There are 2 protein chains.
Amino acid sequence: MTEVKLLGVGGSSYSRRVEWALKVKGVKYEFVEEDLQNKSPLLLESNPVLKKIPVLIHNGKPIRESMIILEYIDEAFEGPSILPKDPYERAIARFWAKFLDGKCLDAVREALWSKFGGEQEKIKQEAYEMLKIVDNELKGKKFFGGNKIGFVDVAANYIPFWVEIVEEATGNVLITSEKFPNLCAWMDEYLSCSEVKENLPDRDFMLSFFKAKALAENVIS
Amino acid sequence: MTEVKLLGVGGSSYSRRVEWALKVKGVKYEFVEEDLQNKSPLLLESNPVLKKIPVLIHNGKPIRESMIILEYIDEAFEGPSILPKDPYERAIARFWAKFLDGKCLDAVREALWSKFGGEQEKIKQEAYEMLKIVDNELKGKKFFGGNKIGFVDVAANYIPFWVEIVEEATGNVLITSEKFPNLCAWMDEYLSCSEVKENLPDRDFMLSFFKAKALAENVIS
């Protein structure tokens, strides 16, 4: 019998994107909530290099790094495709996924958690530049890959759900429909998808968590 | 007729890994040397987001990011495989490639170009930790994927050729066979491969280039 276990954290966008892929493929799995302050021996054994969630364990074999897990799920299980089939379209999807999960996410996170004054405006400008690139890419599109949610959308999953909660917790607003109309339209489409909507963390819990973090890091007083 | 053009820089490890993949597949291509101080309109049009080399242009369509180009070449052209076929082995290869081309390369570059004194020892320690992980992974192996050079080896191509030249230019030695015996054995194997050996930049030219850079950045005086 196939055994699929996901070591993750319910509030993490990285874990949630893997769960999305498992649901798209119709794979039954056991979710194991990790305590990041006290990581389980299974997590440390399964990911000795990075010691990070998520880790997918399929018949005892660990797969690490959320975007790599997504490619694995697409290749190892039957069901609807996560990546396009055409090599060129796959390369385009991987390019945008890398940009959104890398440079863009780093800039957005830094801006969201930046402290008032000092370099804050410069840090926010960098995030705006990244988000403008994404906004342009989404012009005239429902999702990144066309009419169906896919690999790139899920690589960007931090933006439609997590960003808005951190904005509320820190008072540091980045994304408005005036500045990024196409991005905001995509965020609405993304959150309306049933596979996404039914698989989001609890908003109130996340808001309390981020408020506590904002206080601890002196982002708010 | 298939037209394949590679916009790159002869001295760049990122360009060279794409050339390696094209040679493995036996794809005929035109190499277009870019001047990074004065980028061509073709490069800027083909990679408007990152404005970086390498870009592979296949029948007029641009593919960006060297590791994504490698996956594209593997999927779009006939010939020997670059990535393993099995989904789990592919995930393992992608994990190590991401680590080597990301965290590990960043730490090694920072250490190589660090200035004497101050934080240098701490910066070097971080690089040593990364290299130790790689050294352990290579224990008892000829190449990362077994007996044949592949995706992961090429993701690490900066280490066997470029590192040693930068070490000579800056006097900042990181890799010794006492510290990293498995890594050093792999470096020798890698440089002995005919597809690699016949496709390396000119060592003297690279040394002059890095010496000039070391002087300009006050790494040496």
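**View 1. The contact between chain B and chain A.** The contact draws 26 residues from chain B and 26 residues from chain A, where contact means heavy atoms within 4.5 Å. This is a predicted model, in which local features need pLDDT of at least 70 and side-chain atom pairs count only at pLDDT 80 or more, while totals for chains, interfaces and linings use all residues. Residues are numbered from 1 along each chain as its sequence is written, chains are lettered from A and ligands numbered from 1 in the order in which they are written, and side-chain values use heavy atoms, with hydrogens and water left out. About 2500 Å² is buried between chain B and chain A, and carbon and sulfur atoms give 69% of that area; buried area is the accessible area (1.4 Å probe) that two parts lose on being put together, summed over both. B:Val49, B:Tyr88 and B:Phe95 supply 26% of the area that chain B buries against chain A, more than any other three residues.

View 2. In one salt bridge, the side chains of B:Glu71 and A:Arg94 meet at 3.2 Å, N to O. On the side of chain B that touches chain A, two or more residues come from each of strand 4 (61–64), helix 3 (66–76) and helix 4 (87–112) of chain B, where helices (H or I, at least four residues) and strands (E, at least two) are DSSP runs numbered from the N terminus. Helix 4 of chain B gives the most to this side, with 11 residues.

View 3. In chain A, 4 strands form an open sheet in the order 2-1-3-4 with mixed pairing, two strands being paired if DSSP finds at least two bridges between them. Strand 2 (30–33) and strand 4 (61–64) of chain A are the edge strands, each pairing on one side only. Strand 1 (residues 4–8) and strand 3 (residues 55–58) of chain A run antiparallel and are joined by 4 bridges, and A:Lys5 stands opposite A:Ile57 in strand 3 of chain A. Helix 1 (residues 13–25) of chain A lies across strand 1, strand 2 and strand 3 of chain A, running at about 160° to strand 1; axes are lines fitted to C-alpha atoms, for helices over the stretch in contact, and angles run from 0 to 180 degrees between N-to-C directions.

**View 4. Strands 3 and 4 of chain B.** Strand 3 (residues 55–58) of chain B runs antiparallel to strand 4 of chain B, with 4 bridges between them. B:Val55 has B:Arg64 in strand 4 of chain B as its bridge partner.

View 5. Most residues other than glycine have a negative phi, and most peptide bonds are trans. The peptide bond from A:Ile53 to A:Pro54 is cis, with omega near -5°, and A:Pro54 sits in the loop between helix 2 (41–46) and strand 3 of chain A. In chain B, the peptide bond from B:Ile53 to B:Pro54 is cis, with omega near -5°. B:Lys51, although not a glycine, has a positive phi of about 55°, and its place is in the loop between helix 2 and strand 3 of chain B.

Notes
Salt bridge = Lys/Arg side-chain N within 4 Å of Asp/Glu carboxyl O.
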